[in-house]
Amino acid sequence: MSSSATQKALLLSAEKTYYVGETPVPTPGPLEVLVKIEATALNPIDWKVTGGPRFSAIISKYPHVCGFDGAGVVQRVGSEVASLVEGDNMYVLLGSRSHRTY
């Protein structure tokens, strides 16, 4: 894993404009994992959040980090995670507790 403290991300501004920017690399909590995303795509919900209050209610702050689907490699595991280890390949559906290793 890179020692960089930032990562590139697709962001949505408060003005509903998408752009690529830098965000801090998060530290996983006790029940979380940090996954280095190697493949991702925009899901229909990513563009729907720009379409009004029904969908934008899921955004807690701006800039909003976009993306709900991805695949990558586990970089760090929280202290209470027993089912995954660093180096596991996995895909995720963010915003849920779904994941699968492969």
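Tutor: Two strands count as paired if DSSP finds at least two bridges between them; strands (E, at least two residues) and helices (H or I, at least four) are DSSP runs, numbered from the N terminus. The model here is predicted, with local features needing pLDDT of at least 70, side-chain atom pairs counting only at pLDDT 80 or more, and totals for chains, interfaces and linings using all residues. Residues are numbered from 1 along each chain as its sequence is written, and side-chain values use heavy atoms, leaving out hydrogens and water.

Student: Which residues form the covered face of strand β6?

Tutor: In a regular strand, side chains alternate between the two faces of the sheet. Strand β6 spans residues 89–93, and its uncovered face holds Asn 89, Tyr 91 and Leu 93. The covered face is made of Met 90 and Val 92.

Student: What separates the C-alpha atoms of Ala 39 and Gly 72?

Tutor: Ala 39 lies in strand β3, residues 33–41. Along the chain, Ala 39 and Gly 72 are 33 residues apart. Their C-alpha atoms are separated by 6.6 Å.

Student: Is Ala 39 buried, exposed or partly exposed?

Tutor: Buried means under 20% relative accessible area and exposed over 50%, with partly exposed in between (1.4 Å probe, protein chains only). Ala 39 has a relative accessible area of 43%, so the word for Ala 39 is partly exposed.
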